[in-house]
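Please open the structure in your viewer and keep the selection panel at hand.

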Amino acid sequence: MAQARQSPARSVFGSLMLIAFVIGAGAAAFAYTAGWFSPQHLTPESFVDALTPPTGVPLGHRRNHAKGICFTGVFEANGAGTALSYAQVFTRGQYPAFGRFNLGTADPSAPDATVRVRGIGLRISMPDGQEWRTAMINPPIFAVSTPQAFYELLLASASKDPDAMKTFAAGHPEFAAFGAWAKGGPWTGSYAEDRFNSLNSFVFTDSSGSEHTVRWSLLPAAQPVSVSPDDLAKRGPNFLEQEITERVRGGPQRWTMVVTVANPGDPSADPSKAWPEERRTVEVGTLTVQQIEPEPDGPCRDINFDPTVLPSGIRTSDDPFPAARSSVYAKSYDLRTAEAHDYPRTTADAKP
Amino acid sequence: MTGYRQRFTPLQRLLHWLMAICILTMLFIGVGMVSTVKPKYLTLVSIHKPLGIAILVLALIRLAVRFRYGAPPLPADLPEPIKLGGQLSHYAFYVLMIGMPLLGWGMLSAATYPVVLFGGVRLPAILPHSESLHTLLWNAHFYLAFAFFALILLHVAAALFHALVRRDGVFDAMAPVPTYDEVVPAE
C-alpha cells in the first residue's frame, strides 16, 4: 500500500468515521443541552420531586399550594397606576378577574390550621386581550434569597434528620426573618383578612419609557382579627373555605392593590429582604371578590397562575424567582392536567 | 461518479439553510429550556415561541416553492429503497416543520397561555381551553421534537454519505455554495 495515497477503501472508511463522529457529536450536544450529563443541576422536576408530601404525589392537583378554592370578581383601577406603568390594567376602569385562595402546602387535604403560608392566585383580563397573572402570599418577606436555597429548604424540611432545619438555617441567615414571622406573626381566621404580597420584584414601564422597580400587595378591607392556631384548629379542617364562601355570600370582599416603588440600590433581586418602610407606595385599585366557586368545577382549576404572564408595561426584574416559578409551575401544570382523571370534576358541564 | 446534476433553485437552497439554522436552534432551545429553572428559562421561552412561528411561515413558503420548482431527480443508480427512504424523509420533514409549530401553538392555546411574538404582538388562541387537548398536544410536541432531531441526524448522515462516499451530486444539489463539480443550474 502506497504511503502517499489513501486507498479507496481507506478513504471510505475515513469518511464513514467522520460521519459517525458528526452524528455522535450532534447527539451528544443535544443530550448535553437537555441536561442529561449533569444530573445534579436543578430542573423543574427537581422541585416537583422535592415538593412531594409524605402523603404522596397529589395526583391531578398543583404540586404546591395544592389546596385552594376559586373566586371570580373584578379589579377596579383608579388610574393612579398609569404614573408607573402604561399597562391597560391601570387605566381607570373595571377589569374582570378571577383567582384562587390557597394554602402553601403540597397536600391537598392538609387541615387549614396546620398551614402557615396562605396565598392568592389572580388573573386580570384587559380589553386589549392581554392579561396579568400573579400569585402572592401572606408572609411579609420570602423565606430565602434564591431558588437554589428554596430547593435546599424543601429538602431540609422533608428530611428525617432532626438537625436538618437547624443546619439549613445556619447556612441561610436570611431565613431568620421568615422564621420569626412564621413563629410570632399573626394568624387570621379568614382569607378576607389576609394581606397578600408579590414579594418578587417586577419592572413597570410608564408611558414616557421610564422604568420603576416595584413590588405589589393586596391589603384587605376587612379588619384582621388575630386568632391563635390552636383556636383555628378547633374550627375544622376546611374552615377557611367554608368561611370565605359564607362571607362572600353575605357581601363582596375587597382588597386594595398597593404598588411599592424601589429606590435605586434596594434589594430587587432578593425577595427575602424587605424594602425600607418609607418607600413610595401607590394605591392603584381595588380587587373585589364577588363569588366563590369550589375548585373542581371552578375557573381557577385549569389555569397556571404563572407570574411571568404579564401585560406590556410590566416585565420581570433581576429577581431570579419568577423565572424559576414559571418553569416549575409549567411542569406542575403539565403533570396535573395529564392526571385530570385522578381529580374529576363534579359536574359534566363544568367550565374547562 | 455521475457528477452532473441539476441543483435546487437558489431560493430553495436559501430556505433550506436558513431553516436548518432556525430548526436546530429551536430544538436545542426546546430541550434546554424545559430543563432549567434559571432566568435564562424566560429568555429561551421568549425566543422559542416567535422562532417557532417564523419556522411555520418559512415552511409554508418553502412548501409552495417546492410545489412550484420541484426537486432535482435522484441519481439513476441509487437503489430504489434508498430513493424511497429519501423521498419519505422529505414528507416527514414537511410534516414536522409545519406540524411542530402548530402543535406548540395549539398546546399553549389549550392551556390559555399567551403566545407573544417579538415586539409584544400576541397571537390568538387556535384551540379552546382543554386539559385533555393540552396533554395530547404537549406529548406530541415533546416526543416529536426528539423524532425531529433524530430525523435531522439521519438526514445529515445521508447527506455526508452522498457528499463523501458516493460523490453522486445529491449533496451538491443543496450545497450552500458551489462545489467541486458545480455546473450552471438549469433554470
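Is A:Lys273 buried, exposed or partly exposed? Before you select it, note that this is a predicted model, in which local features need pLDDT of at least 70, side-chain atom pairs count only at pLDDT 80 or more, and totals for chains, interfaces and linings use all residues. Residues are numbered from 1 along each chain as its sequence is written, while chains are lettered from A and ligands numbered from 1 in the order in which they are written.

Now select A:Lys273, which sits in the loop between strand E8 (253–261) and strand E9 (281–293) of chain A; helices (H or I, at least four residues) and strands (E, at least two) are DSSP runs, numbered from the N terminus. A:Lys273 counts as partly exposed because it has 14 C-beta neighbours inside 10 Å, where 20 or more would mean buried and 12 or fewer exposed, with C-beta atoms placed from the backbone. Leaving aside neighbours within four places in sequence, A:Lys273 is in contact with A:Ile141 and A:Pro267, contact meaning that the C-beta atoms, placed from the backbone, lie within 7 Å.

Within chain A, pick helix H8 (residues 321–338), in which 16 of the 18 residues are buried.

Then turn to chain B, where 31 residues are in contact with 39 residues of chain A. The largest share of that side of chain B, 13 residues, comes from H4(B).

Finally, select helix H3 (residues 80–110) and helix H4 (residues 131–166) of chain B, whose axes come within 9 Å and cross at roughly 150 degrees; axes are lines fitted to C-alpha atoms, for helices over the stretch in contact, and angles run from 0 to 180 degrees between N-to-C directions. That angle makes H3(B) roughly antiparallel to H4(B), a description used for angles over 145 degrees. Among the residues making this contact are B:Phe93 and B:Leu96 of H3(B), together with B:Trp138 and B:Phe148 of H4(B).

Technical notes:
Angles under 35 degrees count as roughly parallel, over 145 as roughly antiparallel, 65 to 115 as roughly perpendicular and the rest as oblique. Two residues are in contact if their C-beta atoms, placed from the backbone, lie within 7 Å.
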